[in-house]
Amino acid sequence: MNKHRRYARIALSLIAVLLILSGIGYANRGTLAAWGFDTFLSKRVEAKLADTYQPLTDRPAESEPPAVTEPFTLLLMGVDARPGQTRGRSDTLIYTVVRPKDGNVLMVSVPRDSYADIVGKDKKDKITHAYAYGGPEMAVNSVQKLLDAHVDHYASINFEGFVEAVDTLGGISLPITKDIVNKGKDHEKFTIKANKDSYTGQEALNYVRYREDAGGDVSRTERNRVFLEAIMRKASSLKQWDKIPELLGIVGDNFRTDLPPSAMTGLAKQFLQTDHRIRSYTLKGSGARMGSQNLWYFVLNDDDLAQVRTTIAKWLDADTPAAELTLPGETGETGAGTAAGTAGGAAAGQTAGASQAAAS
C-alpha cells in the first residue's frame, strides 16, 4: 500500500472514531494501523483537538483521562445553530453505548420533537428544546431521565460547520430519488435536485433541514443519520493526505465534548485493533397535537420505551455475550453480526401518525 494512502487511512480512522463516539463511526483495524496511528498521529491529533474539550458544568471535570475499556455511554447532539444564534437546537439526539472490548456500538435515536420532561425547567416539552434552554447539561439530564440510563459523556457537532467539511471532502452521495422542495410558509425556501452523483455541503445541510415530507419528525431523524453516515463513508474512502489537517481543523471548530483529546486517541487506538459493529434504533411513537396552543409533538410508545431501557441495560453489562446484543424486538443471535444501517428498517415503520409535523 502506498505510504501516503496508509497514513491517510490511519488518520481518517481517527476522524471516523470521532463519529463513532457520536454514534456514526467506521474505523480500520489491525495492530500495524494502531501502531502507525500512535507513532505518527496521536500527539498531533490531540493538539489539533485541544479546544474541543468542554466539560459539563454540573459535574466535576475529569482530573485524568477516563478509562475507555469498559462499556460507557455518550450522547451525540447534532446541533443546528444558524448564523447569529449562540446555541441553537439539538436536531439530532443519539444515545450511544460503546463497548470498547468487543467493538459493539448501540445507537438509539431520540426524535427531536419527542414529548419529554425537560430537567431543570420542571415541565414537558419537545426534547430538542432542552439544549436551547440549558445547553448540553440540560440535554444530557433530560435524556438521562427519559431513558432511565446514565450519560457518561457527550459530544456535540454543529451541522452548519459541516457544510465546509462536505465541500472539503468533494461532496457526498445522498439517496435522493425525487426532487426535494421546501416551500412552506415560514420555512426556508430551497430545492434539491434528485439523482445527482454528489451533493454540496449546502445541499446536504438542506437535506437534513427539510421538514415538509409526510414522515415528519421520524423522517427528519432518519435523514440526520443518513447524512452523518454519508460523511463517514466519504471520509473513510479519502486518499488525499494533504486534506487531513484541514478536515481535522474543521471538525475541531465544530465539535465539543467532555472527553479529553487523550481519551479520544486512546479509544481510537483500541478500535483500530477491534472488529466492530454498529446497531441503530429509533424510538417509536406517533404524532399528536397537544396543549392550549395545539402544538405538534411526537408521543413516544411506552412499551417500546420500556424495551429500549432494558436493551440499554443489557448492552452496558460487560458480561453480556456479543451474540445477545440485540435490538428491541429481536431475539437470539440476530444482533451482533449486523453492521451499521439497520435503523432504516426500524424507522420506516414509524411514520404513521407523523404526517402533521410542523415547525414550532
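Two strands count as paired if DSSP finds at least two bridges between them. Keep that in mind as we look at this predicted model.

Q: In which sense do strand 4 and strand 5 pair, parallel or antiparallel?
A: Strand 4 covers residues 115-118, and strand 5 covers residues 123-126.

Q: Which residue in the turn of the hairpin formed by strand 4 and strand 5 has a positive phi?
A: The hairpin leaves 4 residues between strand 4 and strand 5. In that turn, a positive phi of about 105 degrees belongs to Gly-120.

Q: What is the bridge partner of Val-105 in strand 10?
A: Strand 3 (residues 104-109) and strand 10 run parallel, with 6 bridges joining them. Strand 10 spans residues 277-282 and is mostly covered, as 5 of its 6 residues are buried. Within strand 10, Val-105 has as its bridge partner Ile-278.

Q: How are helix 3 and helix 9 oriented to each other?
A: Two packed helices are described by the angle and the distance between their axes. The axes of helix 3 (residues 129-147) and helix 9 (residues 302-316) come within 9 Å and cross at roughly 105 degrees. Angles of 65 to 115 degrees count as roughly perpendicular. Helix 3 and helix 9 are therefore roughly perpendicular.

Q: How many nonpolar residues does the contact of helix 3 with helix 9 have?
A: From helix 3, Lys-145, Leu-146 and Leu-147 meet Leu-305, Val-308, Arg-309 and Ile-312 of helix 9. By class, this contact has no polar residues, 2 charged ones and, for the nonpolar class, 5.

Key
Residues numbered from 1 in each chain as written. Predicted model: local features only at pLDDT ≥ 70, side-chain atom pairs only at ≥ 80, totals over all residues. Heavy atoms only, no water. Helix = DSSP H or I, 4+ residues; strand = E, 2+ residues; numbered from the N terminus. Buried < 20%, exposed > 50% of the residue type's maximum accessible area, 1.4 Å probe, protein only. Axes fitted to C-alpha atoms, helices over the stretch in contact; angles between N-to-C directions. Parallel < 35°, antiparallel > 145°, perpendicular 65-115°, else oblique. Contact = heavy atoms within 4.5 Å. Nonpolar A, V, L, I, M, F, W, Y, C, P; charged D, E, K, R; others polar.
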